[in-house]
Every structure is written in C-alpha cells, then in structure tokens.
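Here are my notes on the model, point by point. Please read them with the coordinates open.

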Amino acid sequence: QRRCQQQGQRQGHRPGHCSGSATMWRPEAALAPGLGTAAGRPLTVGWDVGGAHLKACRMEGDRRVDVAQWICPLWQGLGQLEAALDAATARWPDLAAAQHAVTMTGEMADGFVDRADGVARIAAALEQRWPHRVRLFAGEQDWLLPAEAAQHWERIASANWRATAAHCAQHFADRSGLLIDIGSTTSDLIAFRHGRLLGESLSDRDRLRSGELVYLGVVRTPLCALAERIAFQGESLNVMNELFATTADVFRLLGELDPSHDLYPGADGADKSLAATRARLARMVGCDAREGSEADWLRFAQAWRNNMLDRLATELQRMVSAQGLDLRASAVVVAGAGAFLVPDLIERTAQRLGLEQAAPGWKIFDYGFDVAGGVAQATDHGSIPGARLCAPSVAVAALWQQAARQQRTAVEQG
C-alpha cells in the first residue's frame, strides 16, 4: 500500500528574492528580423515549469492569445518535461521563433539531487530546445541567462509566486492588497502595499514559517494531510493515513472542481465518476461507499472542505496580522484552480478577525480579468479562467514585456 507521503512527490515551490545585477535580455538583439514575431507582432511565451504541471501563456504583442497547461510529473524524470514541451509545440508550432520567459518550481521534485541541480537541469533543457531565446525570472527587474542558472539558482528557484504577486502589486500600486492563489498542490498568501511586496520571506522555508506558503491544494493534496479525525454519520473517526483519496475527490463530488483542472488519475487509478469518487472517500474511514447514502458522502466531503478552509484561514489570519493589513481597504486578488474557495475563506478569516460586518465590503478581484486583462487583450483561447489558472505564466510574460520595453527605451535614448 502506498503511503500518504507518496502523493507529496511534489510540484516544488518557491523562494525567489533577488538583489544585485543580472544579465538583461537585450530586446534589440533578440528580436532579429523574422524572429520572435507572429503576424508582425512580437511573440512572447511565459512558462511556469512546475513539478506536476507545465503552464504557458502565449502573447503576440500585447495580446494574450492562448493559455494552456499540461501534466508534467517531474519526479519521474526530465523526460516528462520534454513530453509536455512536445505537446506545447504541437499546439504552437512556431515556438522556435518566440522569446521565452521562464519561472519554475519544479526544481523541488525529488528526481533531482537538490534544488540547485533541478534549476540547472531545467534551464539547460529549455536552452537546448530554444538556444539563445530563453531567460529566467530572478525577481521583478532581473532576468538571467540559462548559463547563469547554476551559479544563481537561489534567485531562480521557486519564484513563480513572486512573479504573480509582483504583477498584482504593480496593478494595484496605489493601495494595499493580498494575492490568494490556491492551486492544485499549494496555496500562496502574499501581501503587497504601494507596488511592493510585503514580508521578508526569501525561500520556501521562510514562507512556510510565515504562513505565506501553505502546502494544500484542491487537486493533489492527500486527504490524510488535512485531518487526524473526521466526522461521518454523526461520529468522529480517526483518518487512515494512506493515499486512498485526494482533495480532487472532495471538490469533484461537491461539483466545484473544473474538470479541465482535474488532470491527474485518482489515487486508486480508477475513473473519476461520482461512484468511484465516493469509493475513494469511503476508504479514508475504513468504509465502502454502500455504507452511506449519497447525502452522507456529500456531508463527508463538506467536512473535508471545512477542514481545509480552517487550515487556510489560520495561515491567512497569521499573515494578515503580521503585515498589519487592513482588509477593509485592500484589494484581494484570487488566482488558481481553487479560486472558488476564496469567498468562504475570506468570510471565515473575517470572523476570526472580528470583521464580520466588514467582510461584504472586501474587494475581490479576479487575476485573469482584473490584472491580466489590464495589460493584454485576450482572445477566446486566452480566456479569463485560463489566465486565472496559469497566473504565474501570464505574469512572467507580462513582466518580461515590461522589461523589454524599458530596455528598448533605454537603447533608443542612447
């Protein structure tokens, strides 16, 4: 039997502060005649290389024309990244002509010796595929060459949260705000004020301590990580510490998880029908699905949902209090596959902070519409839900374009 930890062969996540100089990607050199353009517009692809998914945003000029994700279980080896990149190339055959802006979290996958090895090998794989056309996000204003990845891996590793948060902070530069990105595997809770990120966290360890990184998501988290005991049919039961079910089963049964975000197989390898979903959930408390009614299993799923919200609310309260954030005057930006949880998370946190009456006044913004939509006109394929799901890839594409424009202006001004 597989242990609970096996599902945690993880997506890998995030430090990402940088200081000092870095090698800027010179746009005047990169955009050579006939290269890096689509229909006469500069072609930029932003990539978020995770340990479980590869996400990408295609931009032609200022127009976001497509956003996509592919499964990419990097713990099984770099061949998984190559397969995902092949799928991306099949979708976008002109990738050799693009400028590639990359952030990553996949270096945490346990197929690598350590994070430095992961950063260097991921960077090398991308550079081999698109020579001289790849730059690595190392902070809001810094972009590194793949050849610099081994030396400066700490500035590149797990920085995708920083890209999304920086993009949000720029958009809401005149106010304080909070990014809540609830993904398939983890959740990011990042505060900002007047265009700058708050907090001193530089690494995953820092963010785990501060509560800015919560290793819970709406797809891949094993349910045994959420609770030691759970209520079922009026009884409180110990939870079986086995990989019998994941959070995808909970939110699939409750009808909240978008099927297009539900890409990984069930813990037992069975299908994703409601009957199979109930069977997986039942095993968590030593039962078979026939031992409860459909209503029983819905209430059981709701109990797991409540446990996850309680965990997230505890960390959100910790972070908001530490940063002195006035939520009544702050923009709350939602992103990720679990964005549907944010209204309830806010209400629960408000109650803990004694802000019940103020909660309806909290201003909630959709990253895909309010932030990404503010910098790029989207086509149908570059949809708001896609941008919300793949926020770091959208953010890194937008931040690169900003850096490229700044560099062009500097060159033109001599």
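1. Overall make-up. The protein has 13 helices and 16 strands. Helices (H or I, at least four residues) and strands (E, at least two) are DSSP runs, numbered from the N terminus. This is a predicted model, in which local features need pLDDT of at least 70 and side-chain atom pairs count only at pLDDT 80 or more, while totals for chains, interfaces and linings use all residues. Residues are numbered from 1 along each chain as its sequence is written, and side-chain values use heavy atoms, with hydrogens and water left out.

2. Burial and contact range. Of the 414 residues, 57% count as buried. Buried means under 20% relative accessible area, exposed over 50%, and partly exposed in between (1.4 Å probe, protein chains only). Take the contacts between residues at least 6 apart in sequence: 72% of them join residues at least 24 apart. Contact means heavy atoms within 4.5 Å.

3. Largest core. In soluble globular proteins, nonpolar side chains tend to be buried together. A nonpolar core here is a set of buried Ala, Val, Leu, Ile, Met, Phe, Trp, Tyr and Cys residues joined through side-chain atoms within 4.5 Å. Which members of the largest core touch the most other members? They are Ile180, Ile182, Val218, Trp304, Met308, Val333 and Tyr367, out of 87 residues in that core. Helix α9 (residues 294-323) gives the most to this core, with 12 residues. Apart from it lies another core, of 36 residues, including Leu54, Cys72, Val134 and Trp153.

4. Val218. Leave out residues up to four places away in sequence, and Val218 still touches Ile182, Gly183, Ser184, Thr247, Ala248, Phe251, Leu257, Met308, Ala337, Gly338, Phe340 and Leu341. Of these partners, Ile182 and Met308 are named alongside Val218 among the core residues that touch the most other members.

5. α9 against α10. Helix α10 (residues 342-352) packs on α9 at an angle of about 55 degrees, with the axes 9 Å apart. That makes α9 oblique to α10. Axes are lines fitted to C-alpha atoms, for helices over the stretch in contact, and angles run from 0 to 180 degrees between N-to-C directions. Angles under 35 degrees count as roughly parallel, over 145 as roughly antiparallel, 65 to 115 as roughly perpendicular and the rest as oblique. The crossing is right-handed. A crossing is left-handed if the near helix is turned anticlockwise from the far one by less than a right angle, and right-handed if clockwise. From α9 come Arg305, Asn306, Leu309, Asp310, Leu312, Ala313, Thr314, Leu316 and Gln317; they meet Asp344, Leu345, Arg348, Thr349 and Arg352 of α10. By class, this contact has 5 nonpolar, 4 polar and 5 charged residues. Ala, Val, Leu, Ile, Met, Phe, Trp, Tyr, Cys and Pro count as nonpolar, Asp, Glu, Lys and Arg as charged, and the others, Gly among them, as polar.

6. α8 against α9. In helix α8 (residues 274-283), Ala276, Thr277, Arg278, Arg280, Leu281 and Ala282 are buried. The buried residues of α8 pack against α7 (247-253) and α9. α8 and α9 pack at about 60 degrees, with axes 11 Å apart. The two are therefore oblique to each other. α8 passes α9 in a left-handed crossing. Arg278, Leu281 and Ala282 of α8 make the contact with Glu294, Trp297, Phe300 and Ala301 of α9. These residues divide into 5 nonpolar, no polar and 2 charged.

7. α2 against α3. Helix α2 (residues 79-91) packs on α3 at an angle of about 35 degrees, with their axes 11 Å apart. This crossing of α2 and α3 is right-handed. Leu81, Glu82, Leu85, Asp86 and Thr89 of α2 meet Ile122, Ala125, Leu126 and Arg129 of α3. The classes come to 5 nonpolar, 1 polar and 3 charged.

8. Loop backbone to check. His132 is found in the loop between α3 (115-129) and β6 (134-137). Its relative accessible area is 63%, so His132 is exposed. Gln233, also not a glycine, has a positive phi of about 50 degrees. Gln233 sits in the loop between β12 (229-232) and β13 (235-238). At 45% relative accessibility, Gln233 counts as partly exposed.

9. Ser260. This residue is in the loop between α7 and α8. Ser260 is partly exposed, at 44% relative accessibility.
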